[in-house]
Amino acid sequence: METRAFGSTGLQVPVVGLGTWSTFDLPVSRQSTASEVVAETFGRGTRLFDTSPMYGRSEAVLSRALADYRTESIVATKIWTKSETEGHRQFARQVELFGGRIDLEQVHNLVAWRTHLAFLERERDQGRIGLIGATHLDQSAFDELEVVMNTGRIDAIQIPYNPLEREVERRILPLAEELGLGVIVMRPFAEGALLHPPDPSEIERLGVRSWSEALLKWVLSDSRVHVVIPATSKRAHARLNALAGSPPYLDADHRAVVERLAGDQGTV
């Protein structure tokens with residue numbers, strides 16, 4: 001799997017990570033499901049794993065699944081609360097779960113970002129955080145995301161990007177490139193809205209093995225993107241997603257084909 005420099009941070013990251021939104025919110029009795037997915041993706045080069053307190057039990061489930069891989073993994077999680085006190089509590093639990101350090105700590109959906117950035121910076125200075133980021137999934141919040149990006153206080157952003165959600169191309173990606181920020185892409189399948197395979201002959205024209213691979217390669221064809229994080233709890237899907245991280249990606253003509261086929265599937 002190819003790696004890319006994560007913005008101007010100097011960190012080299014594999015281009016396909018693993019998201020855990022909804023897919024790792026599992027009871028202990030189903031821990032093996034998550035552990036098998038992590039083992040599969042890790043074996044195929046995935047190193048960045050994204051989670052959040054918003055995702056129910058996902059942080060704890062991911063922690064157990066990463067037990068044998070933590071020292072070689074990049075853990076990206078989030079602070080998700082309006083309360084500074086609760087933010088400290090969330091962070092303390094994360095540090096306990098993930099071996100004393102969070103590689104990328106993000107303010108989730110910009111909730112109380114002014115409140116949280118100061119304490120995250122202190123934790124970074126003390127070595128318990130590697131990088132600081134901010135996320136949002138709604139284009140209506142991109143004005144505020146631009147404000148946060150321009151503070152110079154974060155290293156990375158996480159945003160939705162797929163053939164049906166392209167507002168980031170106009171505003172956010174150019175600014176991230178200008179500022180040297182790492183870019184993580186969530187929702188590459190538009191939360192399932194795009195997972196209806198077109199005619200196999202159309203997929204064959206793209207030189208890929210599956211429609212999901214075409215969608216991931218569409219995202220990765222944009223050089224301003226550093227990591228895409230499809231979420232899954234299925235080992236077979238995890239394997240196919242990881243394979244999409246290998247070049248070649250899509251040229252302009254093939255990107256246009258993917259956009260046309262995605263447009264036929266409707267809007268998010």
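Strand β4 (residues 48-50) runs parallel to strand β5, to which three bridges join it. The model described here is a predicted one.

- Lys78 has Gln106 of β6 as its bridge partner.
- Strand β5 covers residues 74-79, and six of its six residues are buried, so the strand is largely enclosed by the rest of the structure.
- Ile74, Ala76 and Lys78 point one way from β5, while Val75, Thr77 and Ile79 point the other way, and all are buried.

**Helices that connect the strands**

- A right-handed β-α-β unit is made by β4, helix α2 (residues 58-65) and β5.
- Another right-handed β-α-β unit consists of β5, helix α3 (residues 84-97) and β6.
- Seven of the eight residues of α2 are buried, so this helix is largely enclosed by the rest of the structure.
- The buried residues of α2 are Ser58, Glu59, Ala60, Val61, Leu62, Ser63 and Ala65.
- These buried residues of α2 pack against α1 (31-43), β4, β5 and α3.

**The sheet as a whole**

- The open sheet is formed by eight strands with parallel pairing, and their order is β3-β4-β5-β6-β7-β8-β9-β10.
- Strands of a sheet pair through backbone hydrogen bonds, in either a parallel or an antiparallel manner.

**Strand β9 and its surroundings**

- Strand β9 (residues 182-186) runs parallel to β10, and two bridges join them.
- Within this pairing, Val185 stands opposite Val228 in β10, and Ile184 stands opposite Val227 in β10.
- Helix α7 (residues 172-179) packs on the sheet and touches β8 (156-160) and β9; the direction of α7 makes about 165° with that of β8.
- Five bridges join β8 to β9, and these two strands run parallel.
- Pro160 stands opposite Met186 in β9.
- Strand β9 is mostly covered, with five of its five residues buried.
- On one side of β9 lie Gly182, Ile184 and Met186, and on the other Val183 and Val185; all are buried, and both faces of the strand are covered.

**Aromatic rings**

- A pair of aromatic rings is described by the distance of the centres and the angle of the planes.
- The model has four aromatic pairs, counting rings whose centres lie within 6.5 Å.
- The rings of Phe91 and Phe119 have centres 6.2 Å apart and planes at 70°, so this pair is edge-to-face.
- Phe91 belongs to helix α3 and Phe119 to helix α4 (residues 113-125), so the pair ties together parts that are 28 residues apart in sequence.
- Phe91 and Phe119 are both buried.

**Arginines over ring faces**

- Arg47 lies over the face of Phe42, at 3.6 Å from the ring centre.
- Arg255 lies over the face of Trp218, at 4.3 Å from the ring centre.

Methods: Residues numbered from 1 in each chain as written. Predicted model: local features only at pLDDT ≥ 70, side-chain atom pairs only at ≥ 80, totals over all residues. Heavy atoms only, no water. Buried < 20%, exposed > 50% of the residue type's maximum accessible area, 1.4 Å probe, protein only. Helix = DSSP H or I, 4+ residues; strand = E, 2+ residues; numbered from the N terminus. Pairing = 2+ DSSP bridges. Right-handed = clockwise from strand over helix to strand, strands pointing away. Contact = heavy atoms within 4.5 Å. Axes fitted to C-alpha atoms, helices over the stretch in contact; angles between N-to-C directions. Phe/Tyr/Trp six-rings, centres within 6.5 Å; stacked < 30°, edge-to-face > 60°. Lys NZ or Arg CZ within 6 Å of the ring centre and 35° of its normal.
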